Amino acid sequence: MLNCNDGKPSGGEEEGDTELMQQDTASVPEPPKETKQTKQPTECFLRKPKETKEEARKTKKWKKRKISDILAKSEPKPGTPGDLQKLIKDHYSGSRSIVELEELNLPDSCFLKANDLTHSLSSYLKEICPKWVKLRKTHNEKKSVLMLIICSSAIRALELIRSLTAFKGDAKVMKLFAKHIKVQEQVNLLEKRVIHLGVGTPGRIKQLVKQDGLNLNPLKFLVFDWNWRDQKLRRMMDIPEIKKEVFELLEVGVLDLCKSESLKLGLF
């Protein structure tokens with residue numbers, strides 16, 4: 001005889017189903033609790049944009065102006081005999097022995113008082129050569145001069161000649177540079193006239209000496225335009241080609257005359 005309960009399961013069936021559900025529930029693992037992870041900071045790299053050619057050119061120009069500004073604002077220091085002595089030693093140190101380098105040392109007595117940057121050219125020459133009027137009156141030898149002023153360029157030589165007015169008096173002054181003047185023309189002038197004072201560049205003066213157009217033996221004063229600076233703020237001995245020509249001129253007789261103390265050196 002069937003037991004009908006309106007489609008409801010019997011009590012035994014309910015207990016069996018409950019046990020199965022409990023087993024299924026027990027077998028399912030609980031999901032792990034999420035742990036809070038600390039977020040690491042992300043590194044950012046900024047890329048520098050590439051410079052264009054125009055920008056690079058502007059940067060270079062700006063740097064050059066900056067260096068010039070620093071040099072222009074720096075306090076100028078007057079040249080000293082020790083500066084020339086050091087340049088001579090440094091120039092020949094690679095090609096001369098220790099004994100030969102010692103022989104190149106110039107006696108202190110051959111140096112005149114250096115310009116302390118307070119003088120004009122005329123006032124400086126008056127100080128180092130107070131007997132100039134007497135000297136020029138007794139000088140009558142051709143192919144020679146009593147005083148040489150050495151500078152870096154023809155333009156600078158013309159400036160120096162113009163500033164000699166207060167010193168030179170009736171002395172004959174000659175331009176000794178290469179610009180627009182041939183060597184032979186200068187040789188001819190030196191042979192025909194008595195010249196008291198020469199102003200020019202070391203390269204042309206050396207050339208005249210080597211061609212026997214200029215005799216250095218009667219020379220009494222050799223003045224370097226030492227402290228003047230050009231538009232690039234270079235002194236004459238800062239320019240490699242001028243520096244080279246100065247040393248070549250010293251070798252053609254100037255050093256020997258200094259050692260004999262017949263020639264005096266000045267740094268203007």
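This is a predicted model: local features need pLDDT of at least 70, side-chain atom pairs count only at pLDDT 80 or more; totals for chains, interfaces and linings use all residues.
Trainee: What does the secondary structure of the protein come to, and what share of the residues is buried?

Mentor: The protein has eleven helices and five strands, and of its 268 residues 34% are buried. Among contacts between residues at least 6 apart in sequence, 74% join residues at least 24 apart.

Trainee: Turning to a single helix, which residues of H9 are buried, and where do they lie around the axis?

Mentor: The general idea is that an α-helix has 3.6 residues a turn, so residues three or four places apart point the same way. In H9, which spans residues 183-192, the buried residues are Val 183, Gln 186, Val 187 and Leu 190. They cover an arc of only 105° around the axis, and therefore sit on the same side of H9.

Trainee: Which elements do the buried residues of H9 pack against, and how should I describe the packing of two helices?

Mentor: Two packed helices are described by the angle between their axes and the distance between the axes. The buried residues of H9 pack against strand S2 (173-176) and helix H10 (202-210). For H9 and H10, the axes come within 11 Å and cross at roughly 65°, and the crossing is right-handed. At the level of residues, Val 183, Gln 186, Val 187 and Leu 190 in H9 meet Arg 204, Gln 207 and Leu 208 in H10.

Trainee: Finally, is His 139 buried or exposed, and which backbone oxygen does its side chain reach?

Mentor: A side chain can be read by its place, its accessible area and its partners. His 139 is in the loop between helix H6 (132-138) and strand S1 (147-150), and its relative accessible area is 10%, so with the cut-off for burial at under 20% His 139 counts as buried. Its side chain reaches the backbone oxygen of Glu 141 at 3.3 Å, while the backbone oxygen of Ile 195 lies 3.3 Å from a polar atom of the His 139 side chain. Leaving aside neighbours within four places in sequence, His 139 is in contact with Ser 144, Val 145, Leu 146, Val 194, Ile 195 and His 196.

Terms used: Residues are numbered from 1 along each chain as its sequence is written. Side-chain values use heavy atoms; hydrogens and water are left out. Helices (H or I, at least four residues) and strands (E, at least two) are DSSP runs, numbered from the N terminus. Buried means under 20% relative accessible area, exposed over 50%, partly exposed in between (1.4 Å probe, protein chains only). A polar contact is a pair of N or O atoms within 3.5 Å; within protein, one must be able to donate a hydrogen and the other to accept it, and residues adjacent in sequence count only if both atoms are side-chain atoms. Contact means heavy atoms within 4.5 Å. The arc is that of the directions from the helix axis to the C-beta atoms. Axes are lines fitted to C-alpha atoms, for helices over the stretch in contact, and angles run from 0 to 180 degrees between N-to-C directions. A crossing is left-handed if the near helix is turned anticlockwise from the far one by less than a right angle, and right-handed if clockwise.
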